[in-house]
Amino acid sequence: MALNNTYDARPLFQETAVGAGAQLLLLAFLGTAIGMGPAGWLTGLAFALATWAVLNRALRRTRPRSFGPANRVTLGRATLVGGITALVADSFQSSPPVSLFVGLTAVALILDGVDGKVARRTGTSTALGARFDMEVDAFLILVLSVYVSMALGPWVLLIGLMRYGFVAAARVMPWLNGSLPHSMGRKTVAAVQGVVLLAAASGWLPYGVTFALVAAALGSLLWSFGRDVAWLFRTREERTGSRAVLARTVRTSESTGPATTTATTTDDGMAKTELALDDRIEARIAVHETTDRESRAGTTTHTDAVGPAVVPFPLREAELAVR
């Protein structure tokens with residue numbers, strides 16, 4: 001009897017529908033509690049609809065077998081970010097209660113460290129989960145920077161926009177897509193952004209102290225991005241040469257017949273890439289673009305602009321381990 005391998009995405013779409021429903025319930029609560037105006041309602045509804053549509057599209061494309069516990073945590077965090085976004089939009093007419101705004105934001109920032117741990121402990125790390133996580137993080141930082149900029153000035157928007165600017169620049173300059181070596185400094189800078197913006201948004205600190213903290217956070221972000229951009233620029237030719245060697249290896253092997261496996265090794269003898277040429281793996285060469293330097297240092301996602309990450313799209317397999 002033939003096996004039925006038909007992919008059923010309905011359980012996944014049910015998960016996103018639950019997330020959209022939770023978003024509507026949160027908006028209803030906020031509307032009742034603070035009398036949220038049309039701007040807040042429309043912005044919150046637009047966020048809920050966009051999240052539901054984009055996530056469903058990603059699920060159709062990646063076809064995961066299950067939504068996974070880590071993605072449920074991220075979806076819950078996205079719901080909180082939708083509420084925060086609605087409050088910020090409404091704040092152009094009337095300021096939201098500080099305790100409510102700070103509470104939602106604090107929970108969203110705390111949960112940022114939970115979904116990754118859940119994914120690693122349950123063995124459910126995926127490209128979709130990593131991308132979903134970074135998008136939620138990046139948008140939260142952008143929304144917080146918008147809110148804080150109303151008190152400190154438009155220069156604060158640089159904190160939220162820097163990650164998006166990096167991604168846009170990478171489309172014009174592909175060498176920015178390279179993997180970066182692990183850096184605790186980068187992770188520390190990333191974590192600082194959300195904490196500082198939350199402290200600034202609370203209004204509990206004197207203006208001078210708030211201004212200095214946010215300026216220092218922006219300065220550290222500029223330093224971190226500048227250092228990584230400089231590293232990617234210095235190593236661009238080395239990484240480009242590595243990809244070219246791999247491409248020539250595959251073309252040569254394919255032209256001589258179906259080989260089983262071709263491997264390229266580093267100077268220390270560790271295999272860097274294995275290509276099953278029987279299956280004629282196509283563009284996946286670019287996925288395994290590592291250099292001797294990257295192999296020794298280890299690679300990670302760039303996590304500057306967000307408690308977030310700023311890895312240009314698409315994600316590479318080597319970056320999924322640091323979700």
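The dialogue below takes up charged pairs, then aromatic rings.

Tutor: Keep one thing in mind: this is a predicted model.

Student: How do I read a salt bridge?

Tutor: Side chains of opposite charge can pair when their charged atoms come close. Here the count comes to 9 salt bridges. One of them joins Arg77 and Asp112, at 3.9 Å from N to O. Arg77 belongs to helix 3 (residues 69-90) and Asp112 to helix 4 (residues 98-122), so the pair links distant parts of the chain, 35 residues apart.

Student: Are Arg77 and Asp112 buried or exposed?

Tutor: Both Arg77 and Asp112 are buried.

Student: Which residues does Glu135 pair with?

Tutor: Take Arg131 to begin with. Its salt bridge with Glu135 has the closest N and O atoms 3.3 Å apart. Both residues lie in helix 5 (residues 127-152), 4 residues apart, which means about one helical turn between them. Arg131 has a relative accessible area of 31%, so Arg131 is partly exposed. Glu135 is partly exposed too, at 24%.

Glu135 also meets Arg163 in a salt bridge, 2.9 Å from N to O. Arg163 is in helix 6 (residues 157-172) and Glu135 in helix 5, so this pair ties together parts 28 residues apart in sequence. Arg163 is buried, because its relative accessibility is 1% and the cut-off for buried is under 20%.

Student: Which residues share partners in one network?

Tutor: Arg77, Asp112, Asp115, Asp133 and Asp137 are joined into one network by their salt bridges.

Student: How do I read two rings?

Tutor: A pair of aromatic rings is described by the distance of the centres and the angle of the planes. This model has 6 aromatic pairs. Phe101 and Tyr147 have ring centres 4.5 Å apart and planes at 25 degrees, so they are stacked. Phe101 lies in helix 4 and Tyr147 in helix 5, so the pair ties together parts 46 residues apart in sequence. Phe101 is buried at 1% relative accessibility, and Tyr147 is buried at 14%.

Student: Why does the pair of Tyr207 and Phe211 count as tilted?

Tutor: Their planes are at 35 degrees, with the ring centres 6.2 Å apart, so the pair is tilted. Both sit in helix 8 (residues 207-234), 4 residues apart, about one turn of the helix. Tyr207 is exposed at 52%, whereas Phe211 is partly exposed at 34%. Ring pairs link Trp155, Tyr207 and Phe211 into a cluster.

Student: Where does the charged end of Arg163 sit?

Tutor: Over the ring of Tyr164, 5.0 Å from its centre. Arg236 lies over the face of Phe233, 3.7 Å from the ring centre.

How values were computed. Residues numbered from 1 in each chain as written. Predicted model: local features only at pLDDT ≥ 70, side-chain atom pairs only at ≥ 80, totals over all residues. Heavy atoms only, no water. Salt bridge = Lys/Arg side-chain N within 4 Å of Asp/Glu carboxyl O. Helix = DSSP H or I, 4+ residues; strand = E, 2+ residues; numbered from the N terminus. Buried < 20%, exposed > 50% of the residue type's maximum accessible area, 1.4 Å probe, protein only. Phe/Tyr/Trp six-rings, centres within 6.5 Å; stacked < 30°, edge-to-face > 60°. Lys NZ or Arg CZ within 6 Å of the ring centre and 35° of its normal.
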